[in-house]
Amino acid sequence: MFYKSTRNSAAKVTSAQAIAKGISVEGGLFVPESIPQLCEKTIDKMLDMSYIERAKTVLSMFLDDYTAEELDYCVSSAYTGSFDNEQPAPIVSLDDNCKILELWHGPTCAFKDLALQLLPYLMTTAVKKTDGKNTVILVATSGDTGKAALEGFSDVPGTNIIVFYPSDGVSNMQKRQMCTQVGENVLVCGIKGNFDDAQTGVKKIFTNPEICAKLDENGFNFSSANSINWGRLVPQIVYYVSAYCDLKKNGANLENGFNVVVPTGNFGNILAAYYAKNMGVPIAKLICASNENNVLTDFINTGVYNKNRAFHTTFSPSMDILVSSNLERLIYELCGCDDKANSNLQTKLSTEGVYTVSADVLAKLKENFAAGWCDDKGTLETIKKYYDKYGYLCDTYTAVALNVYDKYVAESGDDKVTVIASTASPYKFVPAVLSALGNESDIPSDDFEQARYLSTITKTEPPKSLVELEKATVRFDTTIDKQDMTTAILDFLKI
Ligand SMILES: *Cc1c(COP(=O)(O)O)cnc(C)c1O
């Protein structure tokens, strides 16, 4: 099976090459030439498998240039011992229809661990098969990716990792998680600007021929751990397939399929659900949930993608995004894998900040997706509502998804079983969660005191990795202008 670029269908690479490179030379993203199909027999076999076995089954269908031994090594290393739950992606059933898929039992308490615990193994295995250079991972993060990537790559031989985050766009806890990261091969750096500034800066460096040549001469190669890397997406497909197996095994009513709601930023997580659907998982509607940065809601409802709008800082900062990188893969698919048509739209986006898809593409979009959004007030109300109604404590991201789910059901009357992707632990965003529960006057000011307070009033356990942060040493405290990103990289690599 080969992969091609969304901006040049003639660029044909293996999965190992796609994962080692991260992004295609002309700026396109790698996509599989065809989507492998899951037949009923394979699903039935998967029902009694562990998560690790299910992951190997799905990955082997997409990464067919990896040997069975290599996949076994990668998957077992990633998911053994690093999650606080026996099952890395358990489903909590709130009622017959509403099923919460908890994706935050990994070391950084957010869903990105599912992909980023595995990516370093997929990548170092890929590099061994391809050019054997030292990999330099560049990450632009709105919070969670950075820490999850740092945890995954820390002290992995043959790799360096450099993380840029918007200095005012991440929570205190996220900043602390990143700036205390251990490992000789890591650099963490704040950027004056927002997430899009950091992401644009990283993309420019990736595609700058002079910088790439300089790395090459010194035995280095850039790669990306951002969700544009195929090695990030494919582990995410696994948990939607696994969720289907669990629902089926537990006798959920799947006669008409099931819906999935995903709190969405860069469009990686929901795109993985779209691929799962195209493999044959009976997903009916993919419901895209946004915060006040509702560019995707408008796009799915109208076919016009317009990033020329105010940028909002919200209680769900990892979704404060105006350019959703992974959407390009969907656009390419929906344009009938037409690289020219996709390139034209992407050029419009970078020059004018807006594009409009054809009526035909819009129809296909609407057939697969529904979309909604909610503001911070709605987010907090939803945390309280679900805590009062089900005793279920959720974070701000999951709350955005639940808010949009409630509105979707009220408007459509669609009563299918629905899987809500729960992307973070409530302990990652304690101040917002506490104010949602309405205990404002007694809230302590210290982050760790707050977590203990939340634990006391809700009788829930804070994740161990967050508790341990209190005693960790801060190793990184610099903030730089975005034009100085290249210098920071070259200094760190000493070239
Ligand atoms: C990154 C992130 C998201 C958004 O996921 P995308 O794949 O970028 O759409 C949602 N929730 C949390 C907690 C995240 O960290």
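User: Which of the 27 residues lining the largest cavity lie nearest its centre?

Analyst: This is a predicted model, in which local features need pLDDT of at least 70 and side-chain atom pairs count only at pLDDT 80 or more, while totals for chains, interfaces and linings use all residues. Residues are numbered from 1 along each chain as its sequence is written, and side-chain values use heavy atoms, with hydrogens and water left out. A cavity is a set of points on a 1 Å grid over the protein atoms alone where a 1.4 Å probe fits but cannot get out, and a lining residue has an atom within 4 Å of a point. Nearest the centre of the largest cavity are Phe-111, Lys-112, Gly-265, Asn-266 and Ser-318.

User: Which element gives the largest share of the lining of the largest cavity?

Analyst: Helix 7 (144-153), helix 11 (230-249) and helix 12 (268-279) each give two or more residues to this lining; a helix here is a DSSP run (H or I) of at least four residues. The largest share, three residues, comes from helix 12.

User: What is the volume of the largest cavity?

Analyst: The structure holds three cavities of 30 Å³ or more. A volume is the space filled by probe spheres set on the grid points, and for the largest cavity this is about 290 Å³.

User: Which helix gives the most to the lining of the second largest cavity?

Analyst: The second largest cavity has a volume of about 50 Å³. Its lining includes Gln-199, Val-202, Lys-203 and Phe-206, together with others such as Leu-138 and Ser-325. With four residues, the greatest contributor is helix 9 (residues 195-206).

User: How much of the accessible area of the ligand does the protein cover?

Analyst: Among the 14 residues around the ligand (a heavy atom within 4 Å), Lys-112, Asp-144, Gly-265, Asn-266 and Thr-423 come nearest. Of the 380 Å² of accessible area (Shrake-Rupley method, 1.4 Å probe) that the ligand has on its own, the protein covers 98%.

User: Which residue of strand 2 is the bridge partner of Ser-5?

Analyst: Strand 1 (residues 3-5) and strand 2 (residues 8-13) run antiparallel and are joined by three bridges; a strand is a DSSP run (E) of at least two residues, and pairing requires at least two bridges. The two strands form a hairpin with two residues between them. Within this pairing, the partner of Ser-5 is Asn-8.

How values were computed. On a 1 Å grid over the protein atoms alone, a cavity is a set of points where a 1.4 Å probe fits but cannot get out, and a pocket is an open set with protein on both sides within 12 Å along at least five of seven lines; lining residues have an atom within 4 Å of a point.
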